[in-house]
Amino acid sequence: MVPNTVMENDKQIDKAAYVLKAVAHPLRIRIIQMLNENTELNVSTIYKNLNAEQSLISHHLINMRDKGILDIRRSGKNIFYFLVDTAVAEIIECIYKSKIVQ
């Protein structure tokens, strides 16, 4: 018989896997790091700093926004992206500190 605590944690495990899958791309990790260092950034600033195509960066931003990692603030014609919760940046930092990437 499986202990109740394991069954209760299933939703948390599913959510953790969902978030990790959502950020499992080098450009997405870089975007998260940039947004963690800067409260918010617009698409132009992000793609110029990452030296990538605007359409590719927009695709990743929309994907992470759809998954609840990022959100936007509109100011006139500009759209600024920001992290919904900096915990995802903390998770990435933990991975960097681990032996996994050493």
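Here are some worked exercises on the predicted model shown above.

**Exercise 1. Work out which face of helix 2 is buried, and what sits on the opposite face.**

Step 1. Find the helix. Helix 2 covers residues 26-37, which makes 12 residues. From its first C-alpha to its last it reaches 17 Å, close to the 16 Å expected at 1.5 Å a residue.

Step 2. Pick out the buried residues. In helix 2 these are Leu 27, Arg 28, Ile 31, Ile 32, Met 34 and Leu 35.

Step 3. Look down the axis. The buried residues of helix 2 fall within an arc of 160 degrees, so they line one face of the helix. Here's the handy background: an α-helix has 3.6 residues a turn, so residues three or four places apart point the same way.

Step 4. Turn to the other face. Pointing away from the buried side of helix 2, you'll find the exposed residues Pro 26 and Glu 37.

**Exercise 2. Draw the sheet: in what order do the strands come, and which strands stand at the edges?**

Step 1. Get the order. Three strands make an open sheet, and they run 1-3-2 with antiparallel pairing.

Step 2. Find the edges. Strand 1 (41-42) and strand 2 (70-75) each have a single partner strand, so one side of each is left without a neighbour in the sheet.

Step 3. Strand 1 and strand 3 (residues 78-83) are joined over two bridges, while strand 2 and strand 3 are joined over six bridges. As a reminder, strands of a sheet pair through backbone hydrogen bonds, either parallel or antiparallel.

Step 4. Leu 41 has Tyr 81 of strand 3 as its bridge partner, and Asn 42 stands opposite Phe 80 in strand 3.

Step 5. Finish with the turn. The hairpin of strand 2 and strand 3 has two residues between the strands, and in this hairpin Gly 76 takes a positive phi near 65 degrees.

Step 6. Helix 2 lies across strand 1, strand 2 and strand 3, and runs at about 95 degrees to strand 3.

**Exercise 3. Find the salt bridges: how many are there, and which parts of the chain does the Glu 40 pair link?**

Step 1. Count them. For a pair to qualify, a side-chain nitrogen of Lys or Arg has to be within 4 Å of a carboxyl oxygen of Asp or Glu. The count comes to two salt bridges.

Step 2. Take the Glu 40 pair. Glu 40 bonds with Arg 73 in a salt bridge whose closest N and O atoms are 2.4 Å apart. This pair links distant parts of the chain: Glu 40 is in the loop between helix 2 and strand 1, Arg 73 is in strand 2, and they are 33 residues apart.

Step 3. Now the other pair. Arg 65 forms a salt bridge with Asp 71, with the closest N and O atoms 3.6 Å apart.

Step 4. Check how exposed these residues are. Glu 40 is partly exposed at 26% relative accessibility, and Arg 73 is partly exposed at 35%. Arg 65 is partly exposed with a relative accessible area of 36%, and Asp 71 is partly exposed with 31%.

**Exercise 4. Decide whether His 60 is buried or exposed, then list what His 60 touches.**

Step 1. His 60 is in helix 4 (residues 54-66). The end C-alpha atoms of helix 4 are 18 Å apart, which agrees with the span its 13 residues should have.

Step 2. Apply the cut-off. Buried means under 20% relative accessible area. His 60 has 3% relative accessibility, so it counts as buried.

Step 3. List the contacts. Leaving out residues up to four places away in sequence, His 60 touches His 25, Leu 27, Arg 28 and Ile 31. Among these, Leu 27, Arg 28 and Ile 31 are buried residues of helix 2.

**Exercise 5. Which residue has a positive phi although it is not a glycine, and where is it found?**

Step 1. Name the residue. Asn 51 has a positive phi of about 50 degrees without being a glycine.

Step 2. Locate Asn 51. It is found in the loop between helix 3 (43-50) and helix 4, and it is exposed, with a relative accessible area of 74%.

Definitions and conventions
Residues numbered from 1 in each chain as written. Predicted model: local features only at pLDDT ≥ 70, side-chain atom pairs only at ≥ 80, totals over all residues. Heavy atoms only, no water. Helix = DSSP H or I, 4+ residues; strand = E, 2+ residues; numbered from the N terminus. Expected span 1.5 Å × (residues − 1). Buried < 20%, exposed > 50% of the residue type's maximum accessible area, 1.4 Å probe, protein only. Arc of directions from axis to C-beta. Pairing = 2+ DSSP bridges. Contact = heavy atoms within 4.5 Å. Axes fitted to C-alpha atoms, helices over the stretch in contact; angles between N-to-C directions.
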